[in-house]
Amino acid sequence: MNERVREILGNYASDSPGTRTNLARLLNHGRLGGTGRLVILPVDQGFEHGPARSFAANPAGYDPRSHFELALAAGCNAYAAPLGFLEAGAAEFAGEIPLILKLNNSDSLSTGEPCSAVTGSVDDALRLGCVAIGFTIYPASNLRNTMYEQIRALGEEAKRKGLAVVVWSYPRGSALSKEGETAIDVVAYAAQIACQLAAHVVKVKLPTAHIEQAAAKKVYDKERIPIATLAERVRHVVQSAFNGRRIVIFSGGEAKDTASILDEVRAIRDGGGFGSIIGRNSFQRPRKEAIDFLQTVMDIYAGKSK
Amino acid sequence: MNERVREILGNYASDSPGTRTNLARLLNHGRLGGTGRLVILPVDQGFEHGPARSFAANPAGYDPRSHFELALAAGCNAYAAPLGFLEAGAAEFAGEIPLILKLNNSDSLSTGEPCSAVTGSVDDALRLGCVAIGFTIYPASNLRNTMYEQIRALGEEAKRKGLAVVVWSYPRGSALSKEGETAIDVVAYAAQIACQLAAHVVKVKLPTAHIEQAAAKKVYDKERIPIATLAERVRHVVQSAFNGRRIVIFSGGEAKDTASILDEVRAIRDGGGFGSIIGRNSFQRPRKEAIDFLQTVMDIYAGKSK
Amino acid sequence: MNERVREILGNYASDSPGTRTNLARLLNHGRLGGTGRLVILPVDQGFEHGPARSFAANPAGYDPRSHFELALAAGCNAYAAPLGFLEAGAAEFAGEIPLILKLNNSDSLSTGEPCSAVTGSVDDALRLGCVAIGFTIYPASNLRNTMYEQIRALGEEAKRKGLAVVVWSYPRGSALSKEGETAIDVVAYAAQIACQLAAHVVKVKLPTAHIEQAAAKKVYDKERIPIATLAERVRHVVQSAFNGRRIVIFSGGEAKDTASILDEVRAIRDGGGFGSIIGRNSFQRPRKEAIDFLQTVMDIYAGKSK
Amino acid sequence: MNERVREILGNYASDSPGTRTNLARLLNHGRLGGTGRLVILPVDQGFEHGPARSFAANPAGYDPRSHFELALAAGCNAYAAPLGFLEAGAAEFAGEIPLILKLNNSDSLSTGEPCSAVTGSVDDALRLGCVAIGFTIYPASNLRNTMYEQIRALGEEAKRKGLAVVVWSYPRGSALSKEGETAIDVVAYAAQIACQLAAHVVKVKLPTAHIEQAAAKKVYDKERIPIATLAERVRHVVQSAFNGRRIVIFSGGEAKDTASILDEVRAIRDGGGFGSIIGRNSFQRPRKEAIDFLQTVMDIYAGKSK
Amino acid sequence: MNERVREILGNYASDSPGTRTNLARLLNHGRLGGTGRLVILPVDQGFEHGPARSFAANPAGYDPRSHFELALAAGCNAYAAPLGFLEAGAAEFAGEIPLILKLNNSDSLSTGEPCSAVTGSVDDALRLGCVAIGFTIYPASNLRNTMYEQIRALGEEAKRKGLAVVVWSYPRGSALSKEGETAIDVVAYAAQIACQLAAHVVKVKLPTAHIEQAAAKKVYDKERIPIATLAERVRHVVQSAFNGRRIVIFSGGEAKDTASILDEVRAIRDGGGFGSIIGRNSFQRPRKEAIDFLQTVMDIYAGKSK
């Protein structure tokens with residue numbers, strides 16, 4: 001096994017061999033297998049944004065199998081989705097690509113304080129042959145404690161059963177401005193919370209240079225924490241995730257132009273981030289274009305491309 | 001995924017995607033990955049025969065890590081052992097090779113009707129990141145019902161948790177002569193019983209041309225079932241394992257000379273057997289020799305060597 | 001729904017709608033659907049007698065799918081088999097024919113007082129979509145209480161989960177002569193015991209005119225119970241099964257010539273038996289011949305043929 | 001409520017209101033309702049002796065409904081039977097007569113030390129609307145501890161769920177002569193054991209004047225315990241059942257002539273026994289005769305007839 | 001058993017014999033036993049309205065035994081109360097009158113959206129010898145889902161344990177005007193909801209001719225549903241309760257003059273209602289007067305009085 005993968009697994013020495021085996025499967029699969037970098041394909045937008053907003057741009061995406069196929073063809077490390085999408089392909093693609101079952105999800109049909117519903121179980125993940133469970137928390141929501149307590153219990157169960165735990169940590173809720181959701185202090189804090197909740201892999205949004213909290217701003221100014229460039233901000237977030245001893249990956253966010261995304265990927269790479277989780281920016285493209293795009297991203301992480 | 005592996009997985013359509021994923025991991029790993037053939041390294045002899053009888057010939061074998069290393073270096077599909085041996089290496093080798101936890105074992109310190117003790121659990125297998133549980137039954141023992149009922153419960157649990165089930169089926173006990181233990185009718189029956197007990201993978205001994213049961217002999221004679229050559233007998237055993245729809249592998253048995261073993265491997269290959277499980281004949285050799293030997297066996301299965 | 005089926009279901013008024021639904025599925029499927037008569041294909045001989053004795057005469061039978069196909073093509077009411085055989089086809093044939101999971105089985109490799117091993121669970125039956133569990137008891141075995149207590153627990157669970165319960169009641173053991181196993185008093189008693197154990201469907205062997213128990217002989221003589229013809233004996237067995245308020249079917253026993261079997265079927269029909277369960281006499285014939293044979297049997301039950 | 005019934009219920013003050021409610025239902029139903037005396041119809045002979053020996057004399061008895069009807073028409077306090085017989089009528093006769101589910105039963109097809117098999121559960125009794133569970137113990141069997149421990153657990157569960165507990169206490173087994181089974185010292189001892197096992201209602205056989213145990217004989221002689229007449233012996237058994245604070249009823253035993261039975265009933269009445277449980281001597285008679293007979297018995301208990 | 005009771009029990013054929021037995025006990029007890037009509041005494045006002053408002057008018061009511069005695073003396077079919085009141089008399093009155101344990105209750109000390117607290121369990125009901133559990137739902141409360149989910153679980157458990165389920169269905173809450181609580185469309189809807197929640201017995205308030213919902217009003221007008229007289233409205237409610245296949249009884253409501261209540265009872269009888277549940281209007285009267293009053297009500301139902 002690759003030395004970098006061994007080194008990363010060494011950061012999880014408190015975990016069972018089963019959980020480490022599944023982390024290894026995640027790190028060793030696909031085009032980036034063995035590099036210590038990851039690109040994951042997530043498709044939860046059908047649940048989160050509705051089908052037309054998610055799949056009309058590339059109608060192949062209405063078919064659940066198309067996402068397994070895209071992840072496989074592009075050589076992603078894993079494919080992550082809610083229960084329904086995974087059940088609709090797990091048998092046909094058994095053993096072909098590591099799967100992450102997203103255990104909670106929100107729809108866009110209601111308002112109020114953000115809190116996802118638990119829509120799957122750890123036993124579902126075992127039954128479907130997944131390597132990990134995924135779970136979203138919304139720090140800054142008034143309902144955050146509900147989510148923290150759910151992931152506490154689900155995470156404990158997943159680890160007992162040899163699975164890994166991936167946490168999407170997205171600050172959101174009445175305690176935060178829209179701009180604050182991606183403020184550097186808030187994103188770094190979100191990464192720390194997910195690590196403290198004992199996630200193995202943390203997913204956050206790319207941070208802006210904005211600082212949301214007054215109390216934090218004083219420290220950032222006083223200590224002159226470098227946050228001017230995106231790479232610097234990524235480095236700070238990775239530092240905030242137990243100084244690089246937990247895997248942190250970044251979401252692509254809204255669909256945008258290719259050049260911008262590739263610039264972001266270079267910044268993640270240069271800042272020491274572990275990789276990307278790219279949904280809409282991949283599966284909303286036609287198949288061939290999507291594969292080319294994802295492989296370009298991977299080549300940047302692998303150092304094969306600038 | 002390789003077509004042959006897909007075809008084999010197709011025989012397990014009643015199983016969950018999780019179990020099929022673990023069968024795929026078994027079939028896709030190592031030097032024979034993707035060929036539909038398997039060579040597994042089992043090391044339960046320390047428990048079954050005692051340490052000196054097992055490891056004195058090649059003292060490296062006293063160290064549990066040596067067996068993980070041998071299986072990895074030789075490119076075996078999996079490594080199978082009791083709880084103690086797996087716990088002593090599963091963390092260090094997490095994710096590097098599929099593991100099978102042997103859930104029951106016998107020692108050689110007592111006499112009486114044969115019946116192994118259950119020495120591990122399905123949850124142990126999850127915790128250690130295994131792809132399958134292993135279990136030994138002794139048809140013809142007066143205590144067979146105890147073992148059948150244990151594997152019934154353990155197999156149901158393993159399947160519910162997404163693992164595969166490997167059954168060692170060794171007829172033995174007061175109802176059988178020593179010669180009868182490897183009689184063709186008895187070995188074929190042992191394979192059938194393991195399949196009816198719903199094993200995914202069945203391990204039996206290579207059969208002789210002897211026929212033990214009078215009632216069976218009439219049928220073999222009347223129907224002129226071909227059992228003259230070892231390849232013919234292997235074919236009959238595979239047929240008896242749901243007509244090749246269950247994976248059947250053969251044990252090497254006692255240590256013997258290399259040429260004999262390679263002849264046996266050719267017969268297994270030609271008779272449509274799925275592979276070998278080779279313990280003493282591999283780990284009792286010095287490391288380099290063991291690797292060469294195992295890879296020669298694999299090359300025969302892969303068709304790279306006669 | 002057919003009046004005769006409604007009438008039979010009316011005898012099970014203490015059971016849940018779920019169990020009655022599954023009894024209705026059994027009674028309404030196939031060529032005899034709706035007549036109140038049944039022909040069931042059982043294939044447990046691979047486990048009970050070994051593969052060659054069971055399948056060499058018609059090697060298609062080594063393949064588990066062949067039995068699903070035979071039961072379907074012939075129009076049987078159901079197919080009954082152990083866990084391994086059902087798992088090897090339940091997915092492919094899902095919803096095509098009612099299935100009965102035989103929860104205990106014996107092999108022929110050992111001796112001693114007869115007692116089958118429990119080799120499947122009620123949850124397995126649910127998972128495989130079965131309509132009923134099957135269970136064998138050996139009244140007259142010294143181990144009968146073990147079996148009675150197992151079916152008590154399994155039957156209660158099956159009923160709670162909406163399944164039907166089929167009991168094979170075969171007197172056998174050290175308390176009985178070989179001839180006594182099919183004695184009219186013993187077979188009638190075996191039917192009664194299965195009914196008292198709360199089976200929904202009872203399977204017994206065809207009885208001879210022999211009377212085994214001295215205490216019973218006095219009564220048969222004194223009350224002049226008619227047992228001279230096979231039809232009379234069938235009638236007495238049906239009477240002993242709660243006066244026809246429980247479904248009683250008869251096994252074909254050893255392979256024999258067609259004319260003899262058809263005569264037996266006529267006697268079962270004329271004596272008010274509910275049908276036959278025919279294994280070796282069907283699947284050991286070539287496919288076409290087996291279908292013709294089974295359909296001839298069904299036509300006799302349906303009154304389409306003498 | 002009748003004073004005598006209140007007085008009897010007062011002896012069960014440690015029991016829950018639910019259990020006392022069910023004892024009251026037993027005492028208040030039928031022709032003897034409210035008198036503190038009971039006549040119960042038990043039909044377990046189909047299981048215990050086989051169908052022909054039980055029902056051929058009056059073939060109506062093959063139909064399970066006939067026994068519900070007889071118990072109702074005669075005005076018995078309750079009907080007791082194994083699971084199969086109760087399931088075959090409990091829905092049709094729901095709420096018409098108190099039911100007792102006999103939770104263990106023996107057949108006559110095997111030999112060996114006596115021990116009934118558990119063939120029903122407390123939840124079955126709830127599901128069928130029973131007022132009590134019934135259980136047979138064989139003091140003097142080498143397997144008595146098995147039975148004592150089973151009734152301990154079943155009795156505890158029945159009481160927790162508000163049911164009453166009826167124990168058939170029949171000394172039998174290798175430790176006792178045939179004559180000893182109904183010896184006065186043994187029957188009194190059997191009644192005591194059932195009471196100590198916390199039965200609410202105890203059923204024993206009518207005792208003879210024989211004394212089986214040497215140690216007991218000394219005391220009977222020394223203390224001049226009166227046991228010459230049947231009424232005296234009944235009085236001694238009732239005394240042995242917590243001095244009349246537990247309900248003791250007596251079984252009719254084998255079929256015999258009517259006059260003898262009525263004499264026995266008078267002795268039970270005069271000795272302070274609580275009533276009779278009469279199986280074969282009632283249901284083996286034609287319906288009209290059986291009703292007349294049972295009502296004559298009840299009239300004796302009610303004091304309406306000598 | 002009375003034909004009308006058999007006919008009513010026939011409407012509950014999906015239920016176990018145990019549940020049907022307890023429904024039969026309810027229908028067969030007391031002065032109206034066997035008529036298919038019921039008068040039940042409920043005393044939950046101590047909890048719901050406080051002791052002085054409930055019992056000061058007739059201080060005997062402070063003593064829990066007085067209500068058992070009233071129900072018995074008047075010949076009611078059953079007595080219903082919360083856990084405390086039942087525990088305070090169930091032992092003394094064991095077996096004398098069917099009991100219904102009200103499993104949830106509200107006090108009058110708080111405001112806010114109506115939702116009763118669960119104050120008893122199904123096992124309490126078994127322990128106390130009850131025939132049924134009672135449960136109140138408040139359709140139109142914002143907390144209705146809490147109550148619907150509680151009765152779903154409690155009802156499932158009660159049925160599994162052989163008890164019957166009585167639901168008080170009282171529309172109430174912020175979604176409804178005060179007048180709307182007894183509007184004919186709302187009461188009919190409340191009866192339907194209770195039936196759909198699988199109650200065996202439904203208790204609603206007597207409806208007025210008011211129609212609350214605009215959408216319903218259109219249909220009532222268009223289809224000219226007759227609701228002018230109270231008897232017509234009762235008939236419509238009974239129709240709405242599965243066309244008379246579920247038992248519907250009506251509450252007396254607030255204390256009022258005797259003549260008015262008797263007129264209401266005549267309307268319930270003429271409209272095909274199954275009976276009354278009368279609390280304050282009975283137990284707040286002096287004992288003798290209360291008995292006379294309740295028996296007058298029963299005579300109207302029995303047709304002995306106009």
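**Exercise 1. The interface of chain A and chain B**

About how much area do chain A and chain B bury between them, and what share of it is on carbon and sulfur atoms? Then describe the side of chain A that touches chain B.

*Before you start.* This is a predicted model: local features need pLDDT of at least 70, side-chain atom pairs count only at pLDDT 80 or more, and totals for chains, interfaces and linings use all residues. Residues are numbered from 1 along each chain as its sequence is written, chains are lettered from A and ligands numbered from 1 in the order in which they are written, and side-chain values use heavy atoms, without hydrogens and water.

*Solution.* 

Step 1. Take the area. Chain A and chain B bury about 2000 Å² between them, 54% of it on carbon and sulfur atoms. Buried area is the accessible area (1.4 Å probe) that two parts lose on being put together, summed over both.

Step 2. Count the residues. Contact means heavy atoms within 4.5 Å. Here 25 residues of chain A are in contact with 25 residues of chain B.

Step 3. Look for charge pairs. A salt bridge puts a side-chain nitrogen of Lys or Arg within 4 Å of a carboxyl oxygen of Asp or Glu. The rule finds 2 salt bridges across this interface. A:R6 forms a salt bridge with B:E96, with the closest N and O atoms 2.7 Å apart.

Step 4. Find the elements. Helices (H or I, at least four residues) and strands (E, at least two) are DSSP runs, numbered from the N terminus. Helix 1 (3–10), helix 2 (17–28) and helix 7 (122–127) of chain A each give two or more residues to the side that touches chain B. The largest share, 8 residues, comes from helix 2 of chain A.

**Exercise 2. The interface of chain B and chain C**

How many salt bridges does the rule find across the interface of chain B and chain C?

*Solution.* 

Step 1. The rule finds 3 salt bridges. B:R245 forms a salt bridge with C:E92, and their closest N and O atoms are 3.5 Å apart.

Step 2. Chain B gives 39 residues to the contact and chain C gives 43 residues.

Step 3. The two chains bury about 3300 Å² between them, 56% of it on carbon and sulfur atoms.

**Exercise 3. One face of a helix**

Which residues of helix 1 of chain D are buried?

*Solution.* 

Step 1. Buried means under 20% relative accessible area, exposed over 50%, partly exposed in between (1.4 Å probe, protein chains only). In helix 1 (residues 3–10) of chain D, the buried residues are D:V5, D:I8 and D:L9.

Step 2. Look down the axis of helix 1 of chain D. The buried residues fall within an arc of 100°, so they line one face of the helix. The arc is that of the directions from the helix axis to the C-beta atoms.

Step 3. These buried residues pack against helix 2 (17–28) and strand 9 (247–251) of chain D.

**Exercise 4. A buried methionine**

Is C:M298 buried or exposed? Place it in its chain.

*Solution.* 

Step 1. C:M298 counts as buried because its relative accessibility is 0%.

Step 2. C:M298 lies in helix 14 (residues 287–302) of chain C.

Step 3. Leave out residues up to four places away in sequence. C:M298 then touches C:R31, C:L32, C:V39, C:A74, C:G75 and C:C76.
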